[in-house]
Amino acid sequence: MDIFRSHILICRGTGCTSSGSDQVADAFDKYIKEEGLEQEVKVVRTGCFGLCEVGPIVIVYPEGAFYSRVEEKDVQEIVKEHLVKGRVVKRLLYQESLDKDRIKSLNEVEFYKKQMRVALRNCGVIDPENIDEYIAMDGYKALTKVLTEMTREQVIEEVKKSGLRGRGGAGFPTGTKWEFVYNAPGDKKYVCCNADEGDPGAFMDRSVLEGDPHSVLEAMAIAGYAVGADQGYIYVRAEYPIAVRRLQIAIEQARNYGLLGENILGTGFNFDIDLKIGAGAFVCGEETALLNSMEGKRGTPRPRPPFPANKGLWGKPTLLNNVETYANICQIINKGGDWFASIGTERSKGTKIFALGGKINNTGLVEIPMGTTVREVIYDIGGGCPNGKAFKAVQTGGPSGGCIPAELIDTPIEYDTLVKIGSMMGSGGMIVMDEDNCMVDIAKFFLQFTCDESCGKCTPCREGTKRMLELLEKITEGKGEEGDIEKLQTLAMNIKDSALCALGQTAPNPILSTIRYFRDEYEAHIKDKRCPAGVCAALLNYIILEDKCKACGICAKNCPTNSISGKPKTPYVINQDTCIKCGVCMDKCPFGAIIKK
Amino acid sequence: MAVKEVRDAVDIPENFERLQEVIDEYKGKSGSLIPVLQKAQEIFGYLPLEVQKKIAEGLKVPMSRVYGVSTFYAQFALEPRGEHTIGLCMGTACYVRGSNKILEKLKEELGIDVGGTTEDKKFTLEATRCLGACGLAPVMMIDENVYGRLKPDMIPDILNKYR
Ligand SMILES: Cc1cc2nc3c(=O)[nH]c(=O)nc-3n(C[C@H](O)[C@H](O)[C@H](O)COP(=O)(O)O)c2cc1C
Ligand code: FES
C-alpha cells in the first residue's frame, strides 16, 4: 500500500452531499493535482461523520483538523495553506474544535465526547466503495473466525451472551431469534435484512449502508452460517439511491474476493446476497408485509403466528434483522459477547444510533451507550434548542412512538424505561420540539402519516385512524367539544387491542402520549379556542400593534389577499374576515409590529 | 428549449420492445413482478393500463394482481408525470421546522395540490419522507438536486431555474 503524509476525509453521506460535498471533493482532486501532491496526499470519500448541520465536513489528518461548511471556493486555500505550507486554515475550522491555538481532537469536541461508535465505527473513516479499506479495519475477520474456529451453536451462544436486542423497533433479543431459525426444520432457509427504514424523520440505517456496507454483508454471512442459510436478501428502499449503489458495489467486491458466493474462504460454506428494491410503502417495514413485498405481492401484513422464523419467505424459515442490528454483529464476534454486554445497562446492552433533528442546534447522527439520559443527548451532544427557545419535548419512535416532555428529561434511554413513560426506543428517530411547536398539531401530523400509510387490510386501522384524525382536525380547527379527549382515548384503546399488525396497534401512541403530558394544550384548543404555541391557523389572529406600526405599507404590499389597508402616518389594519393567516405580513414587517394571538 | 414533439410514451413502439426484453429476462423467476414494474416505469415514465396488461400476459400473472400491486406502492404512477418532479420533504424534522409553509407556497406558485401535475406538464409536486438531510431542514428535491434551509420567498427563484 502507498504511504501518504496526509489524508483528507470528505463526507459523502446524504446530508453533506446535499450541501455540496461532491463539488468540494472534486475541487480537492483538482487543486492537489495542480500542486503536484497526488503522491503525498490522499483524498478519501467517506460516509457520514454525524454532524450534518455544519456540512460539508472535511477532516485533514494527521492534524485532525475539522473543517466545517466548506465550500468549493475554500478548497484552494486549504490546499495552498494547509497542505503545502502546513498552516491550518483557522477561519474554516469547526468553531468548537479550536481551543485558543490548539486544535482539539475529534473526541474532545462536545458533540462527540459522550458518543461511542460501535455500529458506526467505520462511518466517516473509510471509503465505503473500497473493500480493502474495510479489510484494513479488521473487516471480514469475524467471518473468518466464525467459519474456521467456531461451531454454529457457539456463534448463536456468543450473540445471546452479548444481550443484543433488535434495533428495528421492537427490541427482540437477537440471539434468541437466531436460535429459533436454527431450530426450525427445513432444508432451505433465508437471511434477510430490513433496510426499509420507514420512520419519516430518520436516517440511521441509510447512513450505515452508505458509510459501511460491508459490515452488514459480513454480518449476514455470519448469520447465514449460524442459522443454516445460503441465500440472503436486503430489502432496501428505492428512495435511497446512494445506499443501493454502494451495496451493489460492495456485493460485487465481496464476490470477487471470494467472501460471498460458493465455498467461502475454502471452508465449503456457500452464501450469497441479493438486493430487493422496495417501492415505497411504510407498512413494508413490518416483517410479514416485507416478506409479501419481497415475493412481489402487495405489502400487506400476514397474521402471526406462524412467525417468519418458521414460515417466512416463500414459506421457508427466515431470519429477519434490521441494518443496525447486523452492524453490531462483527464487533460482538471479534471482541466477544461479554465486551458488548459490558456497555449499556442491565436490560439494554450496547449502543444505539439516533438521528437527531428538529429544533436542535447540532442536527445529525449520534451513537450513544444505552442508559445515556435524554438531557445529555439534547444539551451536551445536541447543544440545546436554537435561538434560545425553551425545550418542550422530544419524540422518539416516530409515528409508533411518543413524546418525552421536558420534565422527564433525565430519563435514561433504554428499551423498558422508554416504554414505561409512554414512548419507545423505536428505530432511532429523535425529533426535538421547542415552545413554538403545538403538540396537538404534532399528534395530527403523525396520525396523518399512519392514516396515509394504513394498508387497508384490517378495519380498526383503516377506519379507526381516520376517525381519530377527524377528531384532531376538528380540535385544531377550533371546533372541538367537551368529551373529545375522552373519545380519542377510547378509540385509541380499541385500535390498540384490535388492529392486525403493529402499524395499527401503535398508531394511537402519539395521541395517547401527547394527551398524557400536554392535556392542557388539548383543553386550551377545545375550551378556550386557543392554540398556546401559536401554530393552528384557525385559532390565530394576526394583529398589528398600533404603537409599533410605522405605516410603511410593506405588509399590505406582500399580503396575498389584499387584506391589509392603511394610510400614511396612521397604523395599518388587518381585515380578519379575508385574512388567510399565511403569516407573510409578520415575516416581512421590519419593526416587529405584527403579532399572532 | 425548442418545442418538443409531444408524444406519449405508449406511442413509441421501441418502448414496448424494451419492455418485452425486460419481461423475457424476468419470466419464470419468483418475486419478479415488482422489479418488472419498476423497469417499466423507467421506460414509460408511468404505468398505463396497456403496459400493465402486457406485463400480466408476459409474466402469466392475473391482471388483477398487476393492478393491485401498481396501486399499492407509492412509487408507481398511473398517470403521466411532469418533466420535473418536486419532492418536498414532509418528514418529521422538516415538519417541525416549518415545511408546511413551504408546501403552501409551492401550491400557490404552481396552482396544484400534492400529487398533481401542472397543466404545462412541467412540474409534478410530491410530498416525501425524510431525505436524510434533516440538518438542512426544511428540504426539497427537484429531480436529483437538493435545496435546503428553505424559506417561502426562496421558492419562486428556485422554480424559475426549471421554467
Ligand atoms: C409498521 C411497522 C414498520 C416497521 N418499519 C421497520 C423499518 O423500517 N425497519 C426495521 O428494521 N424494522 C421495522 N419494523 C420492525 C420489523 O417488523 C421487525 O421487527 C424488525 O425488522 C426485526 O429486526 P430486529 O429484530 O433486528 O429489530 C417495523 C414494524 C412495523 C410494525
Ligand atoms: S425530515 Fe426532512 S430531511 Fe429528514
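**Exercise 1. Chain B as a whole**

What percentage of the 163 residues in chain B do buried residues make up? Then describe the elements and the extent of this chain.

*Solution.* The model is a predicted one.

- Step 1. Take burial. Buried residues account for 51% of the 163 residues in chain B.
- Step 2. Count the elements. Chain B has seven helices and four strands.
- Step 3. From the N terminus, chain B runs α-α-α-α-β-α-α-β-β-β-α.
- Step 4. Take the extent. The C-alpha trace of chain B spans about 50 × 40 × 20 Å along its principal axes.
- Step 5. Look at contacts along the chain. Consider those in chain B between residues at least 6 apart in sequence: 59% of them join residues at least 24 apart.

**Exercise 2. One helix of chain B**

Find which residues of helix α3 of chain B are buried, and which helices they pack against.

*Solution.* 

- Step 1. Locate the helix. In chain B, α3 covers residues 49–59.
- Step 2. List its buried residues. They are Val51(B), Gln52(B), Ile55(B), Ala56(B), Gly58(B) and Leu59(B).
- Step 3. Use the helical repeat. An α-helix has 3.6 residues a turn, so residues three or four places apart point the same way.
- Step 4. Find the partners. The buried residues of α3(B) pack against α1 (13–26), α2 (33–44) and α4 (63–72) of chain B.
- Step 5. Look just past the end. Lys60(B) follows α3(B), and its phi is positive, near 55 degrees.

**Exercise 3. Where chain B meets chain A**

Describe the contact between the two chains. How many residues does it take from each chain?

*Solution.* 

- Step 1. Count residues. Chain B gives 33 residues to the contact and chain A gives 49.
- Step 2. Give the area. The size of an interface is often given as the accessible area lost when the parts come together. Here chain B and chain A bury about 3200 Å² between them, with 55% of it on carbon and sulfur atoms.
- Step 3. Count charged pairs. Three salt bridges link chain B and chain A. One of these joins Arg97(B) to Glu53(A), at 3.6 Å from N to O.
- Step 4. Count polar contacts. There are 18 residue pairs in polar contact across the interface of chain B and chain A, both residues being at pLDDT 80 or more.
- Step 5. Assign the elements. α2, α4 and α5 (92–96) of chain B each supply at least two residues to the side that touches chain A. The largest share of that side, five residues, comes from α4(B).
- Step 6. Sort by class. The side of chain B that touches chain A holds 17 nonpolar, ten polar and six charged residues.

**Exercise 4. Around ligand 1**

Which residues come nearest to ligand 1?

*Solution.* 

- Step 1. Name the nearest. Of the 18 residues around ligand 1, these are Gly168(A), Lys177(A), Gly198(A), Asn322(A) and Thr325(A).
- Step 2. Take Gly168(A). One of its backbone N or O atoms lies 2.7 Å from an oxygen atom of ligand 1.
- Step 3. Take Glu287(A). A polar backbone atom of this residue is 3.0 Å from an oxygen atom of ligand 1.
- Step 4. Take Gly285(A). Here a polar backbone atom is 3.2 Å from a nitrogen atom of ligand 1.

How values were computed: Residues numbered from 1 in each chain as written. Chains lettered and ligands numbered in written order. Predicted model: local features only at pLDDT ≥ 70, side-chain atom pairs only at ≥ 80, totals over all residues. Heavy atoms only, no water. Buried < 20%, exposed > 50% of the residue type's maximum accessible area, 1.4 Å probe, protein only. Contact = heavy atoms within 4.5 Å. Buried area = accessible area lost by both parts, 1.4 Å probe. Salt bridge = Lys/Arg side-chain N within 4 Å of Asp/Glu carboxyl O. Polar contact = N/O pair within 3.5 Å; in protein donor to acceptor, adjacent residues only side chain to side chain. Nonpolar A, V, L, I, M, F, W, Y, C, P; charged D, E, K, R; others polar. Near = heavy atom within 4 Å.
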